[in-house]
Amino acid sequence: MATKSLKTIKRAPTATPSDLGGNAVRDIAGAVNALLADTFALYMKTKNFHWHMSGPHFRDFHLLLDEQAEQIFAMTDVLAERVRKIGGMTLKSIGQISAQQRIPDNDANFVTPQDMLAELRDDTKSYIGYLRQVHELCSEHRDSATTGIIENFIDESERRHWFLFEATRVGPASV
């Protein structure tokens, strides 16, 4: 009896009813899941660089990357829950993240601090582009809740990009 109940539970549908059409749910869930995979990849790379930071600006860069990683990680739950709210299924494993991420990993044994910051700067710029693509798709499907979330994430990501850009400037400081 208990086994039968467990099997029934495993087969129970998890799709939350939504007023968005089936195509909209499919398209938005797919796009947000790809964005979620990129968010996890960017988070992991940021933490990787945070853990392996070195050099004369260690403390400043270490703290900067820790702050940015916290902001990025906070986005993951919001994105995943949004997919579920509209009736989609979200990522379930590291394998799915790896298969969908567009932000490349960095498995190098040593990366200079400037190269770390420059790589994160460029990845964040790409990430902002992915956010804008998802925003456009959600707008087309009239999903204002997801577009609102994405707009906030664009603003937060632009701030992280700005900090990374300024930290990677070369030459005399401007006044």
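Which side chain does Glu158 meet in a salt bridge? In this predicted model, the partner turns out to be Arg132, with 2.6 Å from N to O. Glu158 sits in helix α6 (residues 144–167) and Arg132 in helix α5 (residues 113–140), so the pair ties together parts that are 26 residues apart in sequence. Both ends get some solvent: Glu158 is partly exposed at 35% relative accessible area, and Arg132 is partly exposed at 43%.

Another joins Asp66 to Lys47, whose closest N and O atoms are 2.8 Å apart. Here Asp66 belongs to helix α3 (residues 58–85) and Lys47 to helix α2, so this bridge ties together parts 19 residues apart in sequence. Asp66 is partly exposed, at 21% relative accessible area, while Lys47 counts as buried at 11%.

Asp122 pairs with Arg121, and the closest N and O atoms of this bridge are 3.0 Å apart. Asp122 is partly exposed, with a relative accessible area of 40%, whereas Arg121 counts as buried at 19%, the cut-off being under 20%. Salt bridges also link Lys45, Glu119 and Asp123 into a network.

Thr39 lies in helix α2, which covers residues 22–51, and is buried, with a relative accessible area of 0%. Setting aside neighbours within four places in sequence, Thr39 is in contact with Ile72, Met75, Thr76, Leu79 and Tyr127.

Definitions and conventions
Residues numbered from 1 in each chain as written. Predicted model: local features only at pLDDT ≥ 70, side-chain atom pairs only at ≥ 80, totals over all residues. Heavy atoms only, no water. Helix = DSSP H or I, 4+ residues; strand = E, 2+ residues; numbered from the N terminus. Buried < 20%, exposed > 50% of the residue type's maximum accessible area, 1.4 Å probe, protein only. Contact = heavy atoms within 4.5 Å. Salt bridge = Lys/Arg side-chain N within 4 Å of Asp/Glu carboxyl O.
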